[in-house]
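Take a look at the chain below. This report walks through its sheets, its helices and the surroundings of its ligand.

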Amino acid sequence: MARVEVAPHRFPALAQPPLLELRNVEKGFAGGSEPVLSQLSLCIPEGQFAAVVGCSGAGKTTLISLIAGLTKPDQGEILFAGNPLGPPGPDRAVVFQNYSLLPWLTVLENVTLAVRAAAPQLNRRSAKEHAQYFIDLVKLTAAINKRSRELSGGMRQRVALARALAMEPRLLLLDEPLSALDALTRATLQDELARIWGETKTTVIMVTNDIDEAILLADCVYPLTRGPRATLGQPIPVTLPRPRVRTRLSLVPEYQWVRREIVAFLEGLRDQGTREKEKDRQPTCNTAPQSLTPNLRPL
Ligand SMILES: Nc1ncnc2c1ncn2[C@@H]1O[C@H](COP(=O)(O)OP(=O)(O)OP(=O)(O)O)[C@@H](O)[C@H]1O
Ligand SMILES: [Mg+2]
């Protein structure tokens, strides 16, 4: 099958060294005929909200696992703050697709547990206060003593976010954190995520298959080709002013341009490189127009 060549990554000149750098990373799994990710390079400056957009099965979770240190690349290298990436630690917190909370613990207990793991020097009371601050931040104060099995999906996702934020990581990794939610809850949490990021300014890498979500939240979008041998295209900066209001966004020329660039990248590859594959594999990227995303915030 003919493959589409993606131009080599051109990194912008950075005033300071990147927080995270991936250099020509390749990753496959035993039994797979081809690597999932190949020749993948990425450069994330400190403080950036980065969104990696790719279709289902492209390798987004594989990429997040590599950055978290849960798996190692077969080739290439990953640098964190200029040093080879170490094992998983509290400097990189992950919010997974499926929340992964402890169902028998309350909201407060779930978050406090993470705080105590990340900052063992804190005594019980300080750890609780610290956890409470982040529970307030995600607006779960009223549910603080509920067990996570008693919470809705949206509430669980907030706990997962509070737990990750409470670890005060240098890098927050979000693996499609809102994908399991209904459209209304998803839109609310997108706005919350934007607000929280505005307050914390933690460096974030979010992977998503939702282009509008990426543009709404990110400073820069990194489009991921379809796998196998998925790699990243040129970064697409999003300089739209914040706070971004979803109803106004679709009217802004920059938004339309960024959206077109991403869709063209994802669909262009489909047209040129993987048409044969499409016969038995339907596209699963969310390239639907933004009007599908509900408008919760009045102008
Ligand atoms: N542990 C594993 N062992 C073997 N193959 C795997 C493993 N994890 C992922 N893969 C394969 O790697 C490819 C990419 O999977 P990955 O979960 O990274 O995709 P994704 O982009 O996160 O998809 P989704 O959007 O559906 O979550 C898939 O073909 C998957 O089958
Ligand atoms: Mg995934």
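## Strands, helices and a ligand

Strands S9 and S10 (residues 236-237) run antiparallel and are joined by 2 bridges. Val221 has Ile236 of S10 as its bridge partner. Keep in mind that this is a predicted model.

S9 (residues 220-223) also pairs with strand S3 (residues 49-53). Here the sense is parallel, and there are 4 bridges. Ala50 stands opposite Cys220 of S9.

Now place these strands in their sheet. It is an open sheet of 6 strands, in the order S6-S7-S8-S3-S9-S10. The pairing is mixed. Strand S6 (92-95) and S10 are the edge strands, and each pairs on one side only.

Helix H1 lies across S3, S6, strand S7 (171-175) and strand S8 (203-208). H1 runs at about 155° to S7.

There is also an open sheet of 4 strands. Its order is S2-S1-S4-S5, and its pairing is antiparallel. Which strands stand at the edges? They are strand S2 (37-44) and strand S5 (83-84). Each has a single partner strand, so one side of each is left without a neighbour in the sheet.

Strand S1 (residues 20-27) pairs with S2 over 5 bridges, in the antiparallel sense. Leu22 stands opposite Leu42 of S2. H1 (residues 60-68) lies across S1, S2 and strand S4 (75-80). The angle of H1 to S1 is about 125°. So far, then, H1 has been placed across strands S1, S2 and S4, and also across S3, S6, S7 and S8.

Next come the helix pairs. Two packed helices are described by the angle between their axes and the distance between the axes. The table gives both values for two pairs.

| Helix pair | Angle | Axis distance |
|---|---|---|
| H2 (residues 107-118) and H4 (residues 153-166) | about 25° | 8 Å |
| H3 (residues 124-137) and H4 | about 135° | 9 Å |

Take H2 and H4, which pack at an angle of about 25°. That makes H2 roughly parallel to H4. Their crossing is right-handed. H2 makes the contact with Val107, Asn110, Val111, Ala114 and Val115. H4 makes it with Val159, Ala162, Arg163 and Ala166. By class, the residues of this contact are 7 nonpolar, 1 polar and 1 charged.

Then take H3 and H4, with an angle of about 135°. H3 and H4 are therefore oblique to each other. H3 passes H4 in a right-handed crossing. On the H3 side, the contact has His130, Ala131, Phe134, Ile135 and Leu137. They meet Ala162, Leu165 and Ala166 in H4. This contact of H3 with H4 has 7 nonpolar residues, 1 polar residue and no charged residues.

Last, the ligand. How many residues are around ligand 1? There are 13. Phe29, Ser56, Lys60, Thr61 and Thr62 come nearest. The shell divides into 3 nonpolar, 9 polar and 1 charged. Lys60, Thr61 and Thr62 are among the nearest residues, and helix H1 covers residues 60-68.

How values were computed
Residues are numbered from 1 along each chain as its sequence is written. Chains are lettered from A and ligands numbered from 1 in the order in which they are written. This is a predicted model: local features need pLDDT of at least 70, side-chain atom pairs count only at pLDDT 80 or more; totals for chains, interfaces and linings use all residues. Axes are lines fitted to C-alpha atoms, for helices over the stretch in contact, and angles run from 0 to 180 degrees between N-to-C directions. Angles under 35 degrees count as roughly parallel, over 145 as roughly antiparallel, 65 to 115 as roughly perpendicular and the rest as oblique. A crossing is left-handed if the near helix is turned anticlockwise from the far one by less than a right angle, and right-handed if clockwise. Two residues are in contact if their C-beta atoms, placed from the backbone, lie within 7 Å. Ala, Val, Leu, Ile, Met, Phe, Trp, Tyr, Cys and Pro count as nonpolar, Asp, Glu, Lys and Arg as charged, and the others, Gly among them, as polar. Two strands pair if DSSP finds at least two bridges between them. A residue is near a molecule or strand if its C-beta atom, placed from the backbone, lies within 6 Å of it.
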